[in-house]
Amino acid sequence: MLRRTLIIAALLASTTGCTTLKGWFGDDKNKASEPAELVEIASPIAVGKAWSRKLGDESAKLGLRQRPAIEGDRLYVSNDEGRVLAISVTSGDVLWDSEVAPTRKEGSRLFFWRRKSIDGGLSGGPAAANGMVVAGGRNGEVVALDAETGAERWRIKVTSEVIAAPLITPDRIIVRSNDGRTFGLDPADGTRKWVFDRGIPALSVRGNGAPVTDGQLAYLGYDDGTVVALRISDGLVAWTQLIAESEGRNDLDRMADVDGELALGFSELFATSFAGQTMAISTQNGRPLWNRDTGGYSGLALLRDRVVLSDAAGTVWALDRNTGSPLWRQEGLARRWLTTPAIQGDYLVVGDIDGYVHWLRSDDGVIVGRDRAGKAPIRGTPQVTPTGTLIVLDSEGRLSAYPSPAQ
């Protein structure tokens, strides 16, 4: 069966690009789908960039949600030009730059229409741990680099494009490809140790959440609305849990992808679905602990007593960690296609389609800070370093660092 992929970027273009077409067709109804106007913050907290750097990228055209990987005082980024870079967290200086999957473009012109085909480029990751950096490519490349120098250690090829960050563990590197297969690789040389194959629906959101682990099991969300727990050692299924039913009259209505970040607690796993369901699951046996009719395409973040997420409408929710009951919601960022929230001290941070970064108080959801990182959409989840610096990467490759806000 021919698989069709719905790119969120295409949806964004259809909703936010209306002003360009409005003058041609005179349809003011499109205003209802435009991002909500931002309201001035009465008493904003002090936020500001420590540094900003343009890395160069074309992932804005691909609907990807790439994010930096952080280990120690370094962060690692990859782009669709096929490069992996190591960046100093404190200064933003490039420590090394490795070209591992160069992009080649071929095109033809017919009257005013230009058609381009792109070969190569990195579309998944990177991940960084245990002294190595691993990234995946459009053509199924998986490349491991030395974290200190950027020198290539090994490369292998899987069966399809890799658009999620790999998971690095001491015993296995877990890589999922876009055709539903997940691979367990030997960290030493990339040798394939096992493969798990799960069917995928005819239509799905373009995106795969990165696997997470508790040391024994790797947890993955799938396009059919399920979460699967795999044994890291041999790839066998420990349990499977359905987060949201795939229901509806057509493929679009039946989309139930679990594509955002999973949040792992001590003995529970939290997952949210494109179909609008969020569930807490026991990691011991995969049984549901609670389920709520709130969810979206992005993932979740976990605090001591609550789970936070952004839904498809642009509402930010805080749910009680033990029961799933709503604690608060923030609707002031409607239709702004928010990222998964990040936790920076006492604040939640989300990026949006217009390149803005928003700080919300975690206890009540009030918006207290805002800055514009750039003009391109922010799709990848902002990351926070061990010292509390927020790192934001937009879809045109602009990297920005924000220290913890002044109280």
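Guide: Two strands are said to pair if DSSP finds at least two bridges between them, and the strands themselves (E, at least two residues), like the helices (H or I, at least four residues), are DSSP runs numbered from the N terminus. By that rule strand E35 (residues 390-393) and strand E36 (residues 398-402) pair in the antiparallel sense over four bridges, with Ser400 in E36 as the bridge partner of Val392.

This is a predicted model, in which local features need a pLDDT of at least 70 and side-chain atom pairs count only at pLDDT 80 or more, while totals for chains, interfaces and linings use all residues. Residues are numbered from 1 along each chain as its sequence is written, and side-chain values use heavy atoms, with hydrogens and water left out.

E11 is mostly covered, since six of its six residues are buried, where buried means under 20% relative accessible area, exposed means over 50%, and partly exposed lies in between (1.4 Å probe, protein chains only). In a regular strand the side chains alternate between the two faces of the sheet. In E11, Glu141, Val143 and Leu145 point one way, whereas Val142, Ala144 and Asp146 point the other way, and all are buried.

E11 has a partner in strand E10 (residues 132-137), with which it pairs in the antiparallel sense over five bridges, and here Gly136 stands opposite Val142. Three residues lie between the strands in the hairpin of E10 and E11, where Gly140 takes a positive phi near 90 degrees. E11 is also joined by five bridges to strand E12 (residues 152-157), again running antiparallel, and in this pairing Val143 stands opposite Arg155. The hairpin of E11 and E12 has five residues between the strands, and Gly150 in the turn has a positive phi of about 85 degrees.

Elsewhere, E35 and E36 belong to an open sheet of four strands in the order E2-E36-E35-E34, with antiparallel pairing, and its edge strands, E2 (51-54) and E34 (383-384), each pair on one side only.

Salt bridges (a side-chain nitrogen of Lys or Arg within 4 Å of a carboxyl oxygen of Asp or Glu) come to a count of 20. One of them joins the side chains of Glu99 and Arg83 (3.4 Å, N to O). Glu99 lies in strand E6 (residues 94-99) and Arg83 in strand E5 (residues 83-88), so this pair ties together parts that are 16 residues apart in sequence. Arg83, Asp97 and Glu99 are linked in a network of salt bridges.

Finally, a word on confidence: pLDDT is the predictor's confidence in each residue, from 0 to 100, and the mean for the chain is 84, with 80% of its residues reaching 70 or more. Confidence is lowest in helix H2 (residues 18-25), at a mean of 37, and highest in strand E32 (residues 356-361), at 98. Where pLDDT is low, the predicted coordinates should not be read in detail.
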